[in-house]
Every structure is written in C-alpha cells, then in structure tokens.
Amino acid sequence: MSAASAERVASNEPLLKIRELDKHFGPVQALYHVDLDLPSGQVTALCGDNGAGKTVLTKCIAGIYQADHGQVFWQGQPVHIRNARDSARLGIETVYQDLALADNLDIVQNMFLGRERLSTGLLDEDNMERAAKETLAGLRVTTVRSIRQPVASLSGGQRQSVAVAKAVMWNSKLVIMDEPTAALGVVQTKMVLDLIKRLRDRGLAVMVISHNLNDVFEVADRIAVMYLGRVVVQDKASTFDRQSVVEYMTTGGLSRSGGRRTEGS
Amino acid sequence: MADVPKAADLAGIPPEQAPDLTAAPEAAQAEVPPELVAQSLGEYVRAYAARIRAGESGVLPVIAAMLAIVVVFEVVSPNHVFLSAGNLVNLFQQSAVFMVLAMAEGFALILGEIDLSIGFVGALGAATTVQLVQPQTTNWPWPAAIAAGLLVATVFGLIQGTLITRLRLPSFIVTLAGYLIANGLFLQVLLLGPFSGFPNLLGFSDNLKLIYNLMWGSIDPTISWIAAGVVVVGIGLLIFLSDNRRRRSGLVAPPTSLTLIKIGLIAVVAVVVVLICNTNRANAGTLEGVPWMIPIVLVVLVAWTILLQRTRYGRYVYAIGGNPEAARRAGINLSLVRTAAFGLCSFTAGIGMLLYASLLNGMSSNVQGGQYVLYAVAAAVIGGTSLFGGRGKPLHGVLGGLVIGGIYNGMFLEQLSFQWEYIVTGLVLLGAVTIDAVSRRGSASGSVTRV
C-alpha cells in the first residue's frame, strides 16, 4: 500500500494506462495497438459502433481475456491482469449490462453475495446490513423503501444503483460500466448519471461504455472513441461535439478540418 | 477481496432485454414484504392486504387449505372422529413422513431442480437400517444402523448430484433413472436375510424397539409440557432479543407488537399440540404424551432452517435458484453447492422413509416410493415453495405435509378407496402449482414493466 501511494505521488499518472494493446481471436484482429488512459476522479466515456472492440477491451481490463501484446500500467506500475481475480485485487470492478443480481434475494444479500460476513460460522446479517446501508447512503441512493426488500421489487434505476453499490463496496478504484442507461427511462437515467458523477467526486476512475451521446456529454470528462479495434481519438470531452464523435465512430476520423476544437494546440 | 468471478464465466453474457416502461408503484409496493416497511401493526395489516391483492399470498393458501380440510372432514367423518385426539395424533404421524420428504424435496426445488428419486432412495436407506438391526442376522446397534442407512441414501444422492452438475444432465432424467435403480436396489435389500422380503421391527431387541419407537414411542406427558415450555421460551427469547437488538440499532425489524404476536402464535401451536397429544388416546388403558416423531420433525425443521437461512451455503442455494449467472459471477462454486444439495435431499429423504418404516413396523415391497415423491413435491408446493426455484423454506414442507397428511387421513376415515385419494391429492397439487405459477407470473411481469 505504501509503495502504491508513493507511486501515486510521483506524478499525475493516470490510474490505468494501456499502451499498444493487441488482441486477436484467430485471424480476427479485435484490438490493434490500443492506447487508453483512465485517470482517477474522471469519467471516461468509451464510444464506438458495434464491433468496434469496446467489449473486448473491457474484458481485457477486467481480466476475462488476456491481451496478446501491449503493456498495462496501474498507478504507473506495469501489471499483468491474467484473470478476473487479478483485476479485482487491483481494485477494478465491472458492472455488466445484465447486472447479475438475484431477484429473489434482498439488497443486502445481493451486495454481499459471494463475500458474506460471518460471526461464529453463521451469517452476520446485522453487520452486513449496516455496511450496505452505509454504502448506499454514501452514494445517496435513498429511493429504496427498505434495504431488505427483494431486488425483484426494485425499478431498473434502483437495480443499477444496487449493482454499482455492490461494485464500490470493495474499495474499488476503477469502475467499468457497460451501457448503464440502456434500459432506463428519463428519470432513472438521470438517477444513474448522478450516481456516476458521485463516484467521480469520490475520486474513483469510471469508464462508461455508451451509445447514448446525450448521456456521454452529460457525464463524461473524457471521451475515447474506438473504430475497428483501434482507439482513434481520446481527449477532454469539451474538445468534442456530437458531430465529431459520430464521425469518429462511423469513419474513424474527421472528414473536414476544424470539426473538433482542439484545446491548447 | 478473495472471492471474485472466474474468468471464463464472465464471457458471453446476453444483454438484458428489459424495455423501458413506466413504473407500477402499487405492484412494487406489493412485492415488498410487509414486515419490512411497517412501523406499526396497522401498517403491517395494510401492507399485507396489498400483497395478497397483488397475488403474493404467502402461506395464506396453505392455511386456507388446512381449515377447509378440518371443516370438511370433521363434518363428513363418521362420528365426527376427525378432530378426536387419537385421530389427530394419527394424522401427525402420517404427516411426519410427508413433512420430512417435503423438506428433502425443498433442497432440489429451491435450486430450481427436481428430485424424483427421493421415495425409493429414502426407502433404500431405511431398508438398509431395518436389515442391519435384525437380531437374527447382523444385529447392529441402532446408531450404527441408522447412520449406515442415511449414508447409503446420501451417497446415492451425491452420485445423482455429480451426474447432474458435472455432466450437465437434466435432474429430471437423472433422478428418474435413480428412481428405478433405487427401486431395484431397495427390493434387492429387502430380499436379504431370512425374512422373505419383509424385515420387520417386531421382537425384543432394543435396537428394533428404538426404531419402532421413532414413530410410536411417546414422551411422558409431564416431560412433554416441560420440554414444550423450554422450547417455546427459548425460541421466543431468541426472536424477541434479536428483533429488539435490530430495532435498537436502527436495522430493519418488525414492530414490537408483531414480534409478540409471532411468539404468541408459536406458543399457541405448542400448547395445542401438547394438549392433543397428552389426551389419553387408547381404547383401553393409557396412551398419552407427545410422540417422538414430533421432536424429530422439529429437529429436522430447525436444522435445515438454520442451514438455509443463516449460513453461506444456504444463501448460495437461494442465489443459484434465483439467478445462477449472478451466483457464478459472485465466485460461487455452483457444482459443489448443487451436488451437496442433492446429497442433503437424499439424506433427509432417508430420515423421512425411516419414519415411514417405523410407521409400517418394518419394510416391504408395498412401499409406494413413486407416489411418495409426488406427495413430497405436492406438500412442498402447497406449503409455498416455488417449482421455479429460488423461493421456499423448510417450514413450507411442514405445513404442506400437514395438508397432504390431512387429506390422506380424512380419506382413510371415509374409507374411500385409493383411487379417490389419488384424484383428490392430484387436484390439490394442481391447485397449488397453479397458485405458484400465477403468483410468479404476476411478479415476473411486474418486474419487467417496472424499470
């Protein structure tokens, strides 16, 4: 821990730095020389058309796939993420689109699923309920009627909140969210976007995969666009507009010059 | 940090197909158990009523079924003998087998699987025990014989569980094959020794006597009262103190009045049962006291309730029944939990059929292992366990077992032939499954529409 914090002092290194990552499945090159920075305290939106490689990249970070080549730096240190356990140990948690919650269990039971706390061999429900309550309160998730209600009775936005709370409860430093607002209505979407901002304000690095440019511009500090297995551009969100993001997503570049306001150059 | 999802398991997740629709708040409210949100008794009653209106009826159907059985059979039974103490104890004894078998089946049902073999697997274990205690042949002491019988049943269940989880065969087919194999092995075990296929529990050996007494032995009436008092006070204190502690530390807890009502109900049930059992039920002489089988069923009930609701293992059983993918990503070893559940299922079935052997005073090829499986499933489902996985408690098996036992007993008193008993039990099973399916459909459509 001390080494890690010392390392962080060294510079404003991004929390996670990916350089020249390659991944292929047989003859198909899914990722090609991918560079990506995910700094702490910022929301990075990863955009791209279907098949651009967003999911493969996510799974490489989460340790589900192993990259063929390339380097990954965590707080400036080179690391190898070989499996999901490695990524969780670093503090990377992924919230998948289907959330993976058990409908018949309540919120506390879902948040602690697989990592239950025990006292004298039996489940320590009081302890878990208190911790879950704290985490939810910290994220200002206050709309649930009872922390003991089954997840089946929650709305989509509340489920997403529970899934996020489950992810951040383990002192994670990087939270990756796959299409967090895809199935949500307007109010629920706002609730989830606010939650994402709170994660950022807590100093976490957040990566959001999204097709919805409204959400991207609402919440993202940085935008990275993938096209055919490459990250074609990544920069501050303020340097993009909708038109330019769409163009990067569909063609991998800009047809006309001046479509993007490049800052400081 | 130790338990994280396994790599391969995370790949290939289908995206959720939940469309964005508007909320249905009254349905959402109905799905929240009333004790979670109620601050007072009045609120509790209102929340409970809302829940029933939304199709989440809980144990209500089983209570209604019990009342219906009591009323109907008391009216039609000859000399209104149905509610006599002697017959009620008889009913408890007959129900005990269904109760324990239903608790056994519960393990498979909560996982969303089914075990069709428990009748004959349990019978195989019980026959093993009955054979081993025979004084003419092996003459094993009863603890060893019971342990051996339960071991045989458990191993059979573990083998089935292994086939289901490792080879990914459907539990329906594996346990159907297990049903036939166990039936054959059971008949084979019966033929051992000089008993012409009917090893019985008559005779003067203490070991025989003990197994006979599992069902037929009674506890002294005074001791029955004391024991019932100790159990009620103990359980009551546990519930009261734990609810009180949770209330004080601001955790979710029912209002005090509700806690007291719960404890009062337990006390009433205990007093009624002991009163019934302590009435002299012999035609001549004295026969009174709580039968051993009641504490035996209670021990199984308490043990499995603690296992399923208070341990990690139990939590994983429910999680797998609710969403196997979520369980897998939480780092739970699905194969291990499932295999163990099939082992526990068969182990419990071994206890149930041992009680049956005691009730029949021996074992013979007349044992209806196949029929008993269906009764067990029916009892569990009538009690409130879902056939679709993820929902159910050992208590449901006990309540449902009482209903099935009541039908069985009442039909017997009417001297209706077996065909009617089958038909009525079948209709009750259909009714229970319908309630289960309808309430599930209600809640499932609810959770999709609400986003």
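**Close-up views of a predicted two-chain model**

Figure 1. A:Val168 belongs to helix 6 (residues 156–168) of chain A; helices (H or I, at least four residues) and strands (E, at least two) are DSSP runs, numbered from the N terminus. This is a predicted model, in which local features need pLDDT of at least 70, side-chain atom pairs count only at pLDDT 80 or more, and totals for chains, interfaces and linings use all residues. Residues are numbered from 1 along each chain as its sequence is written, chains are lettered from A and ligands numbered from 1 in the order in which they are written, and side-chain values use heavy atoms, with hydrogens and water left out. With a relative accessible area of 8%, A:Val168 is buried (buried means under 20% relative accessible area, exposed over 50%, partly exposed in between; 1.4 Å probe, protein chains only). Beyond its neighbours within four places in sequence, A:Val168 is in contact (heavy atoms within 4.5 Å) with A:Thr135, A:Leu139, A:Val175, A:Leu199, A:Arg202 and A:Leu204. A:Leu139 stands 29 residues from A:Val168 in sequence, and their C-alpha atoms are 9.4 Å apart in space.

**Figure 2. The largest nonpolar core.** A nonpolar core is a set of buried Ala, Val, Leu, Ile, Met, Phe, Trp, Tyr and Cys residues joined through side-chain atoms within 4.5 Å. The largest has 109 residues, and those touching the most other members are B:Val97, B:Leu101, B:Phe107, B:Phe186, B:Ile211, B:Ile332 and B:Met363. Helix 5 (residues 85–110) of chain B gives the most to this core, namely 17 residues. The core lies between domain 1 (65–217 + 291–361 + 368–449) and domain 2 (222–281) of chain B, because both give residues to it; the domain bounds come from an automatic or database domain assignment. Leaving aside neighbours within four places in sequence, B:Ile211 contacts B:Thr129, B:Val133, B:Ile146, B:Leu201, B:Leu354 and B:Ser358. A second, separate core of 41 residues includes A:Val95, A:Leu139, A:Ala167 and A:Met177.

**Figure 3. The second largest cavity.** On a 1 Å grid over the protein atoms alone, a cavity is a set of points where a 1.4 Å probe fits but cannot get out, and lining residues have an atom within 4 Å of a point. The second largest cavity has a volume of about 60 Å³, a volume being the space filled by probe spheres set on the points, which are joined across faces, edges and corners. Among its lining residues are B:Phe107, B:Trp304 and B:Lys393. Helix 5 of chain B gives the most to this lining, with five residues. By class, the lining has seven nonpolar, two polar and one charged residues (Ala, Val, Leu, Ile, Met, Phe, Trp, Tyr, Cys and Pro count as nonpolar, Asp, Glu, Lys and Arg as charged, and the others, Gly among them, as polar).

**Figure 4. The second largest pocket.** A pocket is an open set of grid points with protein on both sides within 12 Å along at least five of seven lines. The second largest pocket has a volume of about 510 Å³. Of its 22 lining residues, B:Tyr356, B:Leu360, B:Tyr372, B:Tyr408 and B:Phe418 lie nearest its centre. The lining divides into 14 nonpolar, seven polar and one charged residues.

**Figure 5. Two loop residues with positive phi.** A:Leu228, in the loop between strand 11 (222–227) and strand 12 (230–236) of chain A, has a phi near 50°. A:Leu228 counts as exposed, at 59% relative accessibility. B:Ser196 lies in the loop between helix 8 (171–191) and helix 9 (206–216) of chain B, and its phi is about 40° although it is not a glycine. B:Ser196 is exposed, with a relative accessible area of 74%.
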